Amino acid sequence: MSGPHWARPLVLSGPSGSGKSTLLTRLFADHPTQFAFSVSHTTRVPRPGEVNGEQYHFVSRENFLSLLSEGGFVEHAEFSGNLYGTSKQAIASIVESGKRCILDIEVQGVRQIKRTDLNPIYCFIAPPSLSMLRDRLIGRGTETTDAVEKRVKTALLEIEYAKLPGAHDYIIVNDDLDRAYELFKSLALGNPISGDTLPPLEQ
């Protein structure tokens, strides 16, 4: 699965609460026919308002492991006790449709995809600070205090990985949503961007 810049899938990653979903929502609203989101499978319970087949394919742990044993995922990970995975079929269907495939995955998945022939563009969405990330997670109202702190600790690990040379092709710091979106949109449309550098993220 290789090709020109436009044809290459775009792998989007970053801590929960960094704004990935907001950026994706705006991109799809502005360009509804040019992109397709690879809907991942997960064993977690749907959040209020989530629809099966849109945000995720919500499946049982048994069904997930069955598909995994058949080699059906290009990447999979376990996060907060729940399994997540991107199916090969989901990517193939999007590529064949002529649209650019966008994947939203965790760092474990990024490492796995780097061992495949998918050849995507890697973009990391970073929060401006851990305190702001914590505030965003609390503001959702969907997480317990313990869950928020676990996500912040996971964010630290994701940021440490992002600091490694070659981990990602581009980094976008979501310190201002409009600015971050313009960078993300330009990248998604196949235009070169300078990207950002990771800021110091004190707790």
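Residues are numbered from 1 along each chain as its sequence is written, and side-chain values use heavy atoms, with hydrogens and water left out. Because the model is predicted, local features need pLDDT of at least 70 and side-chain atom pairs count only at pLDDT 80 or more, whereas totals for chains, interfaces and linings use all residues.

An open sheet is formed by four strands in the order 4-3-6-5, with mixed pairing. Helices (H or I, at least four residues) and strands (E, at least two) are DSSP runs numbered from the N terminus, and two strands pair if DSSP finds at least two bridges between them. Strand 4 (56-58) and strand 5 (73-79) each have a single partner strand and stand at the edges, so one side of each is left without a neighbour in the sheet. From one strand to the next, the twist averages 25 degrees. Axes are lines fitted to C-alpha atoms, for helices over the stretch in contact, and angles run from 0 to 180 degrees between N-to-C directions. The pairing of strand 5 with strand 6 (residues 82-87) is antiparallel and extends over six bridges; Glu78 stands opposite Leu83 in strand 6. Two helices pack on this sheet, with contact meaning heavy atoms within 4.5 Å. Helix 2 (residues 61-69) touches strand 3 (40-42), strand 5 and strand 6, and its direction makes about 145 degrees with that of strand 5. Helix 3 (residues 88-97) touches strand 5 and strand 6, and its direction makes about 35 degrees with that of strand 6.

In helix 1 (residues 20-30), the buried residues are Lys20, Leu23, Leu24 and Leu27 (buried means under 20% relative accessible area, exposed over 50%, partly exposed in between; 1.4 Å probe, protein chains only). They cover an arc of only 95 degrees around the axis, which puts them on the same side of helix 1; the arc is that of the directions from the helix axis to the C-beta atoms. Ser21, Thr25 and Ala29, on the other side of helix 1, are exposed. The cover over the buried residues of helix 1 includes strand 1 (10-13), strand 2 (35-37), strand 7 (100-104), strand 8 (121-126) and helix 7 (177-188).

From strand 1, Leu10 and Leu12 point one way and Val11 and Ser13 the other way, all of them buried. Strand 1 pairs in the parallel sense with strand 7 over three bridges, and Leu12 stands opposite Asp104 in strand 7. Strand 1 also pairs in the parallel sense with strand 8, over four bridges, with Val11 opposite Tyr122 in strand 8.

Cavities and pockets were located on a 1 Å grid over the protein atoms alone: a cavity is a set of points where a 1.4 Å probe fits but cannot get out, a pocket is an open set with protein on both sides within 12 Å along at least five of seven lines, and lining residues have an atom within 4 Å of a point. Grid points are joined across faces, edges and corners, and a volume is the space filled by probe spheres set on the points. The structure holds one cavity of 30 Å³ or more. The largest cavity is lined by Pro15, Ser16, Phe79, Glu106, Arg151, Thr154, Ala155 and Glu158; helix 6 (residues 145-162) supplies the largest share of this lining, four residues. The largest pocket contains about 770 Å³ of space. Among the 33 residues that line the largest pocket, Ser21, Phe37, Gln55, Tyr56 and Asp104 are the closest to its centre. Helix 1 gives the most to the lining of the largest pocket, with six residues.
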